[in-house]
Amino acid sequence: MNIRPSAAIRQNYNEIADMCRKTAEPVFLTKNGEGDLVVMDIETYNRREKMLKLREELLAVEEDRVRGSKGYSVDEVTTMMRSAIKEAAGHGTAE
């Protein structure tokens with residue numbers, strides 16, 4: 001865990017930015033000895049946001065399953081995916 005005083009962001013921006021990119025970890029900034037901000041590079045932020053969104057979607061699906069919502073078999077999903085691929089491929093050709 002990287003912890004720096006808040007003044008470090010003003011004094012050493014490039015160093016902190018490089019550290020964020022190299023480690024793909026956030027840097028925690030303190031103010032008066034207390035946690036204040038978290039800084040991270042944009043790629044790490046985007047990756048975490050995508051992961052959180054996926055977790056939310058999976059949780060919603062699991063909640064639906066627990067409430068008894070109908071699911072799909074592997075064969076049904078395979079058929080739907082093949083159909084979607086065929087449809088997408090058909091839209092990509094000139095007629």
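Okay, let's start with helix α2, residues 13-23, where the buried residues are Ile-16, Ala-17, Met-19 and Cys-20. Buried here means under 20% relative accessible area and exposed means over 50%, with partly exposed in between, using a 1.4 Å probe and protein chains only. Look down the axis of α2 and those buried residues fall within an arc of 160 degrees, so they line one face of the helix; the arc is taken from the directions from the helix axis to the C-beta atoms. On the other side of α2, you'll find Asn-14, Arg-21 and Lys-22 exposed.

Quick caveats. This is a predicted model, where local features need pLDDT of at least 70 and side-chain atom pairs need 80 or more, while totals for chains, interfaces and linings use all residues. Numbering starts from 1 along each chain as its sequence is written, and side-chain values use heavy atoms, leaving out hydrogens and water.

Helices are DSSP runs of H or I, at least four residues, and strands are E, at least two, numbered from the N terminus. So what covers the buried residues of α2? The cover includes β1 (2-5), α1 (7-11), β2 and β3 (34-39), with contact meaning heavy atoms within 4.5 Å.

Now the largest nonpolar core: six residues, namely Ala-8, Ile-16, Met-19, Cys-20, Val-27 and Leu-29. A core like that is a set of buried Ala, Val, Leu, Ile, Met, Phe, Trp, Tyr and Cys residues joined through side-chain atoms within 4.5 Å. α2 gives the most, three residues. Leaving aside residues up to four places away in sequence, Met-19 touches Asn-2, Arg-4, Ala-24 and Val-27.
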